[in-house]
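Reader: I have a structure open and would like to go through it with you. Can we start with the overall picture and then look at particular contacts?

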Amino acid sequence: MALDLEEQEQVDELKAWWKQHGGLITAVVVAVAVGFAGWQGWRWYQGSQAAQASMLYETLSKAAQANDAKALRDAAGTLVESYPRTLYASMGALVAARYYFDRNDLKTAKAQLQWVMDRAPSQDFKDLARLRLAAVLLDETAYDEALKLLDAKPAAAYEAQYAALRGDLLLAKNQAGEAKAAYKLALEKADGRDSAFQESVRMRLEALGG
């Protein structure tokens, strides 16, 4: 069926428009399709990484419980080398740090905690690692170095523990007045949470006549 004059003009205009813009539209469509495929591929990759890291973390945890130093070292090493961006790598390093600390290998424990502070994707893990590293330094009588670590402001969930450990460090330096202030702050920040923690801090404070 022949087109009337108006319809033919519309067809001609559409052809001219497509000739001018068609290449760009095609490129945009292709780019969106490629981007979507890339996003899906990235999600699959992330999921695969997390699944493999999860299995390694389970292996590491079991090795710690079984006191299998070699299996723990191998799993921890693979986690931080191959899956450093996953939370499992940070969790594994924290477990390994505790394992080495309990066996008085403070050098290795500190290295694990430092890795978490430097590389963890979660600020909570960084705050926890900093707290535990300061506790290790307290054992090493490196009081000033530990206090410097605690100068960093942690998330609210860790404020009470940071203040309590600061009190322990100041007390170890024979600064009883400053230690009392830190313990009082710890009780204030605890705000009714963790009764066992509060009782422990309260006992330390009372021992100082607080």
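Reader: Fine. What kind of model is it?

Author: It is a predicted model.

Reader: How many helices and strands does the protein have?

Author: The protein has nine helices and zero strands. Read along the sequence, the pattern is α-α-α-α-α-α-α-α-α.

Reader: What share of the residues counts as buried?

Author: Of the 210 residues, 33% count as buried.

Reader: And the accessible surface, what does that come to?

Author: The accessible surface of the protein comes to about 13,000 Å². Carbon and sulfur atoms hold 55% of that area.

Reader: What about contacts along the chain: what percentage join residues at least 24 apart?

Author: That figure is 50%, taken among contacts between residues at least 6 apart in sequence.

Reader: OK, helix pairs. How do the axes of helix 2 and helix 3 cross?

Author: Helix 2 covers residues 69-82 and helix 3 covers residues 87-102. Their axes come within 9 Å and cross at roughly 145 degrees. The crossing is left-handed.

Reader: Which residues make that contact?

Author: From helix 2 there are A69, L72, R73, A76, L79 and V80. From helix 3 there are Y88, A89, G92, A96, Y99 and Y100.

Reader: Why do you give me both an angle and a distance?

Author: Because two packed helices are described by the angle between their axes and the distance between the axes.

Reader: Then give me both for helix 5 and helix 7. At what angle do they cross, and within what distance do the axes come?

Author: The axes of helix 5 and helix 7 come within 11 Å and cross at roughly 15 degrees. Helix 5 is therefore roughly parallel to helix 7, since angles under 35 degrees count that way. This crossing is left-handed.

Reader: D168 has a charge. Which residue does D168 meet in a salt bridge?

Author: D168 meets R204, with 2.8 Å from N to O.

Reader: How many salt bridges does the count come to?

Author: The count comes to 11 salt bridges. Salt bridges that share partners also join K153, E159 and K189 into one network.

Reader: Which residue does K110 pair with?

Author: K110 forms a salt bridge with E140, and the closest N and O atoms are 2.9 Å apart. This pair links distant parts of the chain, 30 residues apart. K110 is in helix 4 (residues 106-119), while E140 is in the loop between helix 5 (123-139) and helix 6 (143-149).

Reader: How accessible are K110 and E140?

Author: K110 is partly exposed at 25% relative accessible area. E140 is partly exposed too, at 30%.

Reader: And K62, what does that form a salt bridge with?

Author: K62 pairs with E58, the closest N and O atoms being 3.2 Å apart. Both sit in helix 1 (residues 5-66), four residues apart, so about one helical turn separates them. E58 counts as partly exposed at 42% relative accessibility.

Reader: Where are N104 and T141?

Author: N104 is in the loop between helix 3 and helix 4, and T141 lies in the loop between helix 5 and helix 6. N104 is exposed, with a relative accessible area of 62%.

Reader: Last one. Where is T108, and how far is its C-alpha atom from that of R98?

Author: T108 is in helix 4, and it counts as partly exposed at 24% relative accessibility. The C-alpha atoms of T108 and R98 are separated by 9.9 Å, and the two residues are 10 residues apart along the chain.

Note on methods:
Residues numbered from 1 in each chain as written. Predicted model: local features only at pLDDT ≥ 70, side-chain atom pairs only at ≥ 80, totals over all residues. Heavy atoms only, no water. Salt bridge = Lys/Arg side-chain N within 4 Å of Asp/Glu carboxyl O. Helix = DSSP H or I, 4+ residues; strand = E, 2+ residues; numbered from the N terminus. Buried < 20%, exposed > 50% of the residue type's maximum accessible area, 1.4 Å probe, protein only. Contact = heavy atoms within 4.5 Å. Areas by Shrake-Rupley, 256 points an atom, 1.4 Å probe, with all protein chains shown as cover. Axes fitted to C-alpha atoms, helices over the stretch in contact; angles between N-to-C directions. Parallel < 35°, antiparallel > 145°, perpendicular 65-115°, else oblique. Left-handed = near helix turned anticlockwise from the far one by under 90°.
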